[in-house]
Every structure is written in C-alpha cells, then in structure tokens.
Amino acid sequence: MPETTDHAAEAVPAARFHGADGRAVRPCTPAAVTLRHIRMLGVAHGTNVLEIGTGSGYSAALLAHLVGPFGRVTTVDIDPNLSKRAEALYVEHNHAVDTVVGDGLLGYEAHAPYDCILVGTTPPAIPDTWLRQLKPGGVLLTGVRLSALPGTYAIAHITVDAERRPSHVTIHHGGYTPMTVTDGPAPAARVFALDQPQISLTTLPPAVHGDMGTLLACLRDQPHTEPTPAPDGDYFHLKNWLIAANPAGLFEATLDQGVGIGVGSFAADGTDHAAVATDQLLIADDPGSPALEVLRDLIHQWRQDGAPRTHELRGRLLRDGDVWHARVARA
C-alpha cells in the first residue's frame, strides 16, 4: 500500500527534529503546516524531490519516507550549521536524504529534473531556474509575496507545462519566513512614527498623493474604531482580496491595535483621511471619514464576490527577466 503523509508523520516524529519543546531550530514551521504542504505536493513512491530551506530537517525526512527506496530527496540550505545538524539526524535515524550547502535560489541542477520542489521559505521572487529544474507537469510549492507591502505573504502551488512555464497557479493563505538573500526587493514607500518606530505605514508604488505621515497620524490621533466585519481567519482572505482589487491609496499599517490593511484618501479641501481593517477592528480618522466609506464599500464588494478564500482568487505569475512575481486577481 502506498505511504500516506499520515503514515509518514507516524514514522517520523517531529520532536526528533524540532526538539522536545519544539524550539531546537527557530523559527520552526509547525509540524501541521509542514504536513499540509507536503500533502499539496502529492509526493509518491519513486518521486524525485528537491527541498529548498532545510531548516530543522523534518520535512525532508518526511519526504524521504514518502518517496521510498526508489525515490530521491535533496535538501539545500545556505546555512552550513543547519545542513550539518540535519545530516547527522538523517544518518542517525536512517533517512535517505542528500544534504547540500548552497544558494537555494539556484536550485540544484545536479539532481534535476524534479517531480516536485518544496521551498520552505519566501524568496524575493520566484527564480525561473526552479521552474526549469522541474519535469513537465512538475509541481513547485513555495512561499511568495503578493505585493510590495511588507506583510503580504502567501503560498503558491505552481504546475509547469512541457516548456517549464507556469500552467496552473493557485495561491493559498499562509507563508514562510523570508529567504536569506544579499539583495532583497525594492522597498515600498514607508514612514515610521518618530516616538514609536514600531508603528509604520507603507504604501504601494506609486504612493498615494499627499503626506504619508499625515495618514499615519490620522490613525493614531483619537481614531474612530468599530468591530471588524472580517474577524480572525476571515481577515487574511479579505486582505488578499484587497490586494487583488488594488484600490487607489492601498496601504498597510502597523499600529498599537495591530497590523492592518486600508486606504487613504484626500478630500477636495486638502484634508487627509485614512481607514484600516485589522482582524479585530476598523480604524479611521473620523466616523464620517471618506476613507472609511471607501473601505466599507470595498468590504461590501468582497462579500458580494462571496467573501472568497485566498485560493479562490485568480493566481498568476508575472515574468520579470529571470524571475516570476506571484499575484492575485479577482476571479
């Protein structure tokens, strides 16, 4: 009988790699998340798999159990200490995994082509190299950024065609920590509160007209608050829908009340207005704020669309030279 991910989880205890307290390697992806993403890959006996981002070593051990003696698992990490630690655990517990120290953005050509590539981190953009190292019909599962806003992380499930171009892209809620790279993405426009640097506001290029500092002040100076219409888990799907809709003045803000996404607007009299949704609150400069009305209208549109989950949005990859950017659009 073919092995299932549940069988693999029973055979490969997470504590062996995460440590008894789950803190042997930090940050560490929760075991339940690792299992969910491996299920999404559809790994079978005899599969050739590349993992980028060895981390604790847990996911590659699970993959080795799933592919069996006729498959192959290669894991690449830029940190030699993580690779050395994982390799020792693989030898100790008889997991057939090839460990490589190297730049994950390059993949690993020596063992290509792969049936699946699992990327347990978030690159600045998806290298075309990863797609070219897949077999036709192969699957890439990777962390992605959906925009230049700082907190727009998600998971992309990508299938390639015979030319190793993306043929099917689904974006899922979730995310991995950013990849360690020498050159990151170009920063979006961002302002910080002078008295509390952890409080900030970031806009998408092109930035909204007006003073971003004023927008941030709008949300801090005796703001209007009310319960959010998209609490808890719904908030992340609303957030990704707003990114897909890309309204004028879209921004992300980190406030005392939490991190949220919102819109800024500028009235004919020259006054600035801002409104933001978090997983707990709608926050605005005034109960009658024009920006609050815009945000309420957008939330109404989201509901009219059926309050879609992130994976129900239209996923796509946009090519930019040798890399691809993941984006979402309204279905």
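Student: Why is Cys116 called buried?

Tutor: Its relative accessibility is 5%, and buried means under 20% relative accessible area, with exposed over 50% and partly exposed in between (1.4 Å probe, protein chains only). So Cys116 counts as buried. Mind you, this is a predicted model, where local features need pLDDT of at least 70, side-chain atom pairs count only at pLDDT 80 or more, and totals for chains, interfaces and linings use all residues. Residues are numbered from 1 along each chain as its sequence is written, and side-chain values use heavy atoms, leaving out hydrogens and water.

Student: What makes Cys218 buried?

Tutor: Cys218 has a relative accessible area of 12%, so Cys218 is buried by that cut-off.

Student: How do you know that the span of H8 agrees with what it should be?

Tutor: Helix H8 (residues 233-245) has 13 residues. Helices are DSSP runs (H or I, at least four residues), strands are E runs of at least two, and both are numbered from the N terminus. The expected span is 1.5 Å times one less than the number of residues, so H8 should span 18 Å; its end C-alpha atoms are 19 Å apart, which agrees.

Student: Which residues of H8 are buried, and what covers them?

Tutor: Among them are Tyr235, Leu238, Trp241 and Ile243. The cover includes strand S8 (166-173), strand S13 (258-266) and helix H9 (290-304).

Student: What follows H8?

Tutor: Asn246, with a positive phi near 50 degrees.

Notes. Contact = heavy atoms within 4.5 Å.
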